[in-house]
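Please look over the structure before reading on.

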Amino acid sequence: MAIKFHNPRSVALTGKYSLGVEVPADARLLFLAGQVGYDSKGRLAPSFEKQCDLTWKNIGQILKSAGMGLGNIVRVTGFITDSRFIAPYRDARAKFLKSPYPAATLIVVSGLADPGMFVEIEVVAAK
């Protein structure tokens, strides 16, 4: 059975995400810890946009190490520290994720583990 994306017309879909994703029982799942905009030397990117891009690149590298890619993501949970970041978050996400889109939630929080962090993203992938 293939992964199925559920977007019934009776429920409003207001963005580039799926309302539900069904993963078959025999799929291999990968749960990523929340990723942030650190480079390979542990330096935090200075702006929201750079942190967002680097976070998605880091997610891609982790998926690659497991024999997966960004197209295998079935669930995304994003955390941002300011509602003004919603549009740039969506823009960055659109550069990395293509249709069919994973199920997704975006949460605005008062802060992350480091005061310089503006975004953290958790994903679940299936293959």
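A residue is called buried under 20% relative accessible area, exposed over 50%, and partly exposed in between, with a 1.4 Å probe and protein chains only. By that rule Phe 85 is buried, because its relative accessible area is 18%. The model is predicted, so local features need pLDDT of at least 70 and side-chain atom pairs count only at pLDDT 80 or more, while totals for chains, interfaces and linings use all residues. Residues are numbered from 1 along each chain as its sequence is written, and side-chain values use heavy atoms, with hydrogens and water left out.

**The sheet**

- Helices (H or I, at least four residues) and strands (E, at least two) are DSSP runs, numbered from the N terminus.
- Four strands make an open sheet in the order E3-E6-E4-E5, with mixed pairing; two strands pair if DSSP finds at least two bridges between them.
- E3 and strand E5 (103-108) stand at the edges with a single partner strand each, so one side of each has no neighbour in the sheet.
- On average, neighbouring strands of this sheet are turned by 10° against each other, direction ignored.

**Strand E6**

- In strand E6 (residues 119-126), 7 of the 8 residues are buried.
- Strand E3 (residues 29-31) runs antiparallel to E6 and is joined to it by 3 bridges; Phe 31 has Val 124 in E6 as its bridge partner.
- Strand E4 (residues 73-80) is also antiparallel to E6, with 7 bridges between them; Gly 78 has Ile 121 in E6 as its bridge partner.

- H2 lies across E4, E5 and E6 and runs at about 150° to E4.
- Contact here means heavy atoms within 4.5 Å; axes are lines fitted to C-alpha atoms, for helices over the stretch in contact, and angles run from 0 to 180 degrees between N-to-C directions.

**Aromatic rings**

- Rings of Phe, Tyr and Trp (its six-membered ring) pair if their centres lie within 6.5 Å; planes under 30 degrees apart count as stacked, over 60 as edge-to-face and the rest as tilted.
- The structure holds 3 aromatic pairs.
- Phe 48 and Phe 85 are stacked, because their ring centres are 4.2 Å apart and their planes are at 10°.
- This pair links helix H1 (residues 48-65), which holds Phe 48, to the loop between E4 and helix H2 (86-96), which holds Phe 85, 37 residues apart.
- Phe 48 is buried, with a relative accessible area of 3%.
- Trp 56 and Phe 96 are stacked too, because their centres are 6.3 Å apart and their planes are at 15°.
- Trp 56 in helix H1 and Phe 96 in helix H2 are 40 residues apart, and both are buried.
- One aromatic cluster is formed by Phe 48, Phe 85 and Phe 118.
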